[in-house]
Amino acid sequence: MQLLPEYREDVKRVERFSYIARLTHWGHTVTFLLCLFTGLAFFLDAPWLAAIFGGYSGADLVHKIGAVGLTIFVLLFVVCGFKSLIRWVKDLFRFGKNDIIFLMKFPLEFLGVNVKIPPQTKFNGGEKMNSIVTSTSVIVLGLTGYIMWFPDIFSQSIVLLSYPIHGIAAIIATCMVCMHAYLGSFHPGSGESFWGMWKGTVRADWAEHHHKVWYDEQYGEDADSKKE
């Protein structure tokens with residue numbers, strides 16, 4: 001059983017993600033997972049999980065290192081990938097009729113039903129929703145996390161309120177990350193997107209099929225005429 005599609009170099013490929021976008025994406029992934037598993041040790045009160053990190057004190061240290069690392073990668077993307085960030089945000093706000101249709105039909109496609117998906121931009125309707133929810137959750141996690149880390153700076157009510165909000169945001173972010181990992185890597189038909197985030201390029205025919213609007217804008221005839 002092949003979980004990921006083969007990476008083909010003998011076919012036309014187009015760039016989907018820049019180096020800084022990929023670096024920060026995987027940086028976010030590693031640091032988020034560190035925070036997740038160390039946080040679960042406390043959330044579930046699981047000594048066996050804490051023992052992996054050397055006990056609860058070790059898990060606490062790794063959790064904080066992961067949080068700082070996550071923050072650094074967010075800032076790195078904002079500073080070094082500012083143009084990519086702006087293009088990403090602009091694409092999210094292009095949420096329209098085709099994205100709504102995508103969200104309505106995607107459950108059927110997910111279950112294996114052959115449905116016609118309308119042309120999508122660089123990020124389809126599901127990816128846009130995931131971007132909005134996950135980014136918001138991570139920002140909330142960061143803010144509440146630092147408040148809990150430095151409680152003397154903030155009022156007691158804000159600190160106490162941060163604990164349940166941090167837990168809820170962690171649950172939401174974890175659910176979104178799990179769905180993103182499956183749909184972006186192993187879901188039949190969309191696995192090529194993994195190579196886009198790993199090597200930076202995707203098959204041109206896949207890009208044209210799944211992200212027709214973006215493909216035409218970046219690599220279609222109109223794009224060529226603009227370059228000329």
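Reader: Which residues do ring pairs link into a cluster?
Author: Ring pairs join Tyr7, Trp26, Phe194, Trp195 and Trp198 into a cluster. Rings of Phe, Tyr and Trp (its six-membered ring) pair if their centres lie within 6.5 Å; planes under 30 degrees apart count as stacked, over 60 as edge-to-face and the rest as tilted. Bear in mind that this is a predicted model, where local features need pLDDT of at least 70 and side-chain atom pairs count only at pLDDT 80 or more, while totals for chains, interfaces and linings use all residues. Residues are numbered from 1 along each chain as its sequence is written, and side-chain values use heavy atoms, with hydrogens and water left out.

Reader: Nice. How many aromatic pairs does the count come to?
Author: By that rule, the count comes to 13 aromatic pairs. In one of them, tryptophan 26 and phenylalanine 194 have ring centres 6.1 Å apart and planes at 70°, so the pair is edge-to-face. The pair links distant parts of the chain: tryptophan 26 sits in helix H1 (residues 19–43) and phenylalanine 194 in helix H8 (residues 192–198), 168 residues apart. Helices here are DSSP runs (H or I, at least four residues), as are strands (E, at least two), numbered from the N terminus.

Reader: Is phenylalanine 194 buried or exposed?
Author: Phenylalanine 194 is buried, with a relative accessible area of 16%. The cut-offs are under 20% relative accessible area for buried, over 50% for exposed and partly exposed in between (1.4 Å probe, protein chains only).

Reader: And what do tryptophan 214 and tyrosine 219 form?
Author: They form an aromatic pair that is edge-to-face, 5.8 Å centre to centre with 85° between the planes. Tryptophan 214 is buried at 7% relative accessibility, and tyrosine 219 is partly exposed at 24%.

Reader: Switching to charges: how many salt bridges does a search of the whole structure find?
Author: Eleven salt bridges turn up in the whole structure. The rule is a side-chain nitrogen of Lys or Arg within 4 Å of a carboxyl oxygen of Asp or Glu.

Reader: What does arginine 94 meet in a salt bridge?
Author: Arginine 94 meets glutamate 217, at 2.9 Å from N to O. Glutamate 217 lies in helix H10 (residues 212–219) and arginine 94 in the loop between helix H4 (82–92) and H5, so this pair ties together parts that are 123 residues apart in sequence. Arginine 94 also forms a salt bridge with aspartate 91, where the closest N and O atoms are 4.0 Å apart.

Reader: How accessible is aspartate 91?
Author: Aspartate 91 counts as buried, at 6% relative accessibility. Arginine 94 is partly exposed at 39%, and glutamate 217 is partly exposed at 41%.

Reader: Which residues do shared partners join into one network?
Author: Salt bridges with shared partners join Arg13, Glu192, Arg203 and Asp205.

Reader: What about lysine 64, which residue does it form a salt bridge with?
Author: Lysine 64 pairs with aspartate 60, and their closest N and O atoms are 3.3 Å apart. The two are four residues apart in helix H3 (residues 56–80), so about one helical turn separates them. Lysine 64 is partly exposed at 26%, as is aspartate 60 at 31%.

Reader: Now the surface. Which residues make the nonpolar patch?
Author: Leu3, Leu108, Phe110, Leu111, Val113, Tyr182 and Phe186 make a nonpolar surface patch of about 660 Å². Helix H5 (97–110) and helix H7 (156–186) are the elements that give two or more residues to the patch. Patches take residues with over 30% relative accessible area and no salt bridge, joining like charges within 9 Å and nonpolar side chains (Val, Leu, Ile, Met, Phe, Trp, Tyr) within 5 Å. Areas come from the Shrake-Rupley method with a 1.4 Å probe, and for residues only the protein chains shown count as cover.

Reader: Where is phenylalanine 186 placed?
Author: Phenylalanine 186 is in helix H7, and this residue is partly exposed, with a relative accessible area of 40%.
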